[in-house]
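Student: I've just opened this one and would like to go through it slowly. Can we take it piece by piece?

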Amino acid sequence: MPEQTKTRRVGRVPLSRQRALAVAVQVADESGIGGLTMRKLAAALGVEAMSLYYHVANKEDILDGMVGLVFAEIDLPTGESDWKTEMRDRATSARRVLTSHPWAVPLMDSRSNAGPSLLRHHDTVIGCLRQAGFSVEMAAHAFSLLDSYIFGFVLQDTNLPFQTSEELETLAALIMNQIPADDYPHFVELTVDHVLKPGYSYGDEFSFGLDFILDGLEARLLA
């Protein structure tokens, strides 16, 4: 019996700050940020809640660390391509990462303790814009515009009342049955002639809007 107990202890993954944060992200992915408590995190880690405080200061410290992990997942400019390609790749990566962690967008802007991952992310993006010739002021405008678009799109996309084309068709049919077409002709036209076309996906709108923004920023840069 003692030997069995010893084997179990040797096989256990040691508790660390990094492991606690990684599991916290998993819990939030499964249950939402509201479902993340110190007790639930400790249970997911297989430890007592008090053991967490050897590695994290409190729940706010955990939330700061979780934001850092999310930012660390996003691909950053490498300096190997032109700035538009770098910004497009970074935006596409950010959308993919944030969609996989839908709790992260509302949490990001509420954090006041910027960690190294967040700072590295911001510094690299700003550096790419500055090296492309954007002034400090225009780099700030571009960064704000891009993130507002990315974060806003993710929020809208992840909160739509449908996920599949079948769900969309069912929802559209329900709406169309409830509204008089003569009173809302443009809405009906867009729904029938665009949204309900085979292969439609709201997510495809992202690339169109992103290209529109990048083309506008390029025009300002070259003016």
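Student: Does Phe206 count as buried or exposed?

Tutor: Phe206 counts as buried, because its relative accessibility is 2%, where buried means under 20% relative accessible area, exposed over 50% and partly exposed in between, with a 1.4 Å probe and protein chains only. Please keep in mind that this is a predicted model, in which local features need pLDDT of at least 70 and side-chain atom pairs count only at pLDDT 80 or more, while totals for chains, interfaces and linings use all residues. Residues are numbered from 1 along each chain as its sequence is written, and side-chain values use heavy atoms, with hydrogens and water left out.

Student: OK, and how many aromatic pairs does the structure hold?

Tutor: There are six aromatic pairs, where rings of Phe, Tyr and Trp (its six-membered ring) pair if their centres lie within 6.5 Å, and planes under 30 degrees apart count as stacked, over 60 as edge-to-face and the rest as tilted. One of them joins Phe153 and Tyr202, whose ring centres are 5.0 Å apart with planes at 5°, so the pair is stacked. Phe153 lies in helix H8 and Tyr202 in the loop between helix H10 (185-195) and H11, 49 residues apart; helices here are DSSP runs (H or I, at least four residues), numbered from the N terminus.

Student: What about the rings of Phe153 and Phe206?

Tutor: Their centres are 5.2 Å apart and their planes at 65°, so this pair is edge-to-face. It links Phe153 in helix H8 with Phe206 in helix H11, 53 residues apart. Ring pairs also bring Tyr149 into a cluster with Phe153, Tyr202 and Phe206.

Student: Switching topic, at what angle do the axes of H8 and H11 cross?

Tutor: The axes of H8 (residues 136-158) and H11 (residues 205-222) cross at roughly 175° and come within 11 Å; axes are lines fitted to C-alpha atoms, for helices over the stretch in contact, and angles run from 0 to 180 degrees between N-to-C directions. That makes H8 roughly antiparallel to H11, a term used for angles over 145 degrees.

Student: And which residues of H8 make the contact?

Tutor: On the H8 side they are Met138, Ala142, Leu145, Leu146, Tyr149, Ile150 and Phe153, and their partners on H11 include Phe206, Leu210 and Ile213, with contact meaning heavy atoms within 4.5 Å.

Student: Last one, what does Asp157 touch?

Tutor: Asp157, which is in helix H8, touches Arg95, Tyr202 and Gly203, not counting residues up to four places away in sequence.

Methods. Helix = DSSP H or I, 4+ residues; strand = E, 2+ residues; numbered from the N terminus. Parallel < 35°, antiparallel > 145°, perpendicular 65-115°, else oblique.
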